[in-house]
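Colleague: I'd like to learn how to read a model like this one feature by feature. Could you walk me through it?

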Amino acid sequence: MRSFTSPGRGPSTGSDHCSDHALLVCQDPTLSERFFKEVLDFYPTERVQPELESEQCMATWLSAGQKIHDIAILGGPVQGKLHHFAFQLEDWSKVLRAADIISMDDISLDIGPTRHGITRGETIYFFDPAGNRNEVFAGGYRAYPDRPCVVWTPDQLAKGIFYHDRVLNEAFTTVWT
Ligand SMILES: [Fe+2]
């Protein structure tokens with residue numbers, strides 16, 4: 001039986017493993033955003049729009065408090081799918097530590113460690129044994145309802161998602177569960 005305890009990992013304190021957000025996939029992200037805004041009192045912190053002046057969105061990052069996002073919604077060809085959920089880590093050093101653990105245990109890596117342009121968060125994506133994409137996420141800036149929403153356009157999307165590589169890998173845009 002496979003052990004997930006690697007030498008040098010050390011005991012978990014449990015203090016840095018809370019969930020942070022989830023990214024959902026749907027066919028009409030503008031309608032889903034409206035639901036989260038009008039019914040659940042979220043507000044958008046960042047959006048990808050077809051053009052700078054548009055009510056429509058192709059993706060949206062929504063907060064219910066002061067986190068940069070609690071829920072994000074991505075437009076796609078399917079309804080009601082999970083793109084990923086994320087665990088909150090304290091800072092970049094903890095993200096690098098997570099990368100070490102992912103390598104020590106030969107976990108299926110999607111991408112990272114790297115930084116998002118959108119949210120400014122620091123990130124790694126990886127797959128759990130069931131095939132769900134997980135993320136470890138740190139950083140980002142504090143959100144306020146009266147702060148203007150940051151708008152991205154499709155030509156900047158790859159840079160917005162992966163700020164350093166500026167390329168979307170195939171798995172990132174085609175795998176959801
Ligand atoms: Fe995320």
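Predicted model: local features only at pLDDT ≥ 70, side-chain atom pairs only at ≥ 80, totals over all residues.

Colleague: Metal first, then. Which residues coordinate the iron ion?

Modeller: Donors are N, O and S atoms within 2.8 Å of the metal (3.2 Å for Na, K and Ca), and water is not among the atoms, so sites may look incomplete. Here the iron ion is held by His21 (NE2), His84 (NE2) and Glu135 (OE), at 2.0 to 2.1 Å. Along the chain these donors follow the spacing H-x62-H-x50-E. His21 sits in strand E1 (residues 19–26) and His84 in strand E5 (residues 81–88), so the pair ties together parts that are 63 residues apart in sequence. Strands (E, at least two residues) and helices (H or I, at least four) are DSSP runs, numbered from the N terminus.

Colleague: Are the two histidines, His21 and His84, buried or exposed?

Modeller: Buried means under 20% relative accessible area, exposed over 50%, and partly exposed in between, with a 1.4 Å probe and protein chains only. His21 counts as buried at 6% relative accessibility, and His84 does too, at 3%.

Colleague: On to the sheet. In what order do the strands run?

Modeller: Two strands pair if DSSP finds at least two bridges between them. In this model nine strands form an open sheet with mixed pairing, in the order E6-E7-E8-E5-E1-E4-E3-E2-E9. Strand E6 (108–115) and strand E9 (150–152) are at the edges with a single partner strand each, so one side of each has no neighbour in the sheet. On average, neighbouring strands are turned by 20° against each other, direction ignored; the axes are lines fitted to C-alpha atoms (for helices over the stretch in contact), and angles run from 0 to 180 degrees between N-to-C directions.

Colleague: How does E8 pair with E5 and with E7?

Modeller: E5 and strand E8 (residues 133–139) run parallel, joined by four bridges. Strand E7 (residues 121–127) pairs with E8 in the antiparallel sense over seven bridges. Six of the seven residues of E8 are buried, so the strand is largely enclosed by the rest of the structure. E7 and E8 also make a hairpin with five residues between them, and Gly131 in the turn has a positive phi of about 95°.

Colleague: What about empty space?

Modeller: Rolling a probe the size of a water molecule over the atoms shows where empty space is left. On a 1 Å grid over the protein atoms alone, a cavity is a set of points where a 1.4 Å probe fits but cannot get out; a pocket is an open set with protein on both sides within 12 Å along at least five of seven lines, and lining residues have an atom within 4 Å of a point. Grid points are joined across faces, edges and corners, and a volume is the space filled by probe spheres set on the points.

The structure holds one cavity of 30 Å³ or more, and the largest cavity has a volume of about 50 Å³. Its lining residues include Tyr43, Tyr141 and Arg147, and strand E2 (residues 43–48) gives the most, with three residues.

Colleague: Which residues are closest to the centre of the second largest pocket?

Modeller: That pocket has a volume of about 270 Å³. Of its 22 lining residues, Leu23, Trp61, Leu74, Ile161 and Phe172 are the closest to the centre. E4 gives the most to the lining, with four residues.

Key: Residues numbered from 1 in each chain as written. Heavy atoms only, no water.
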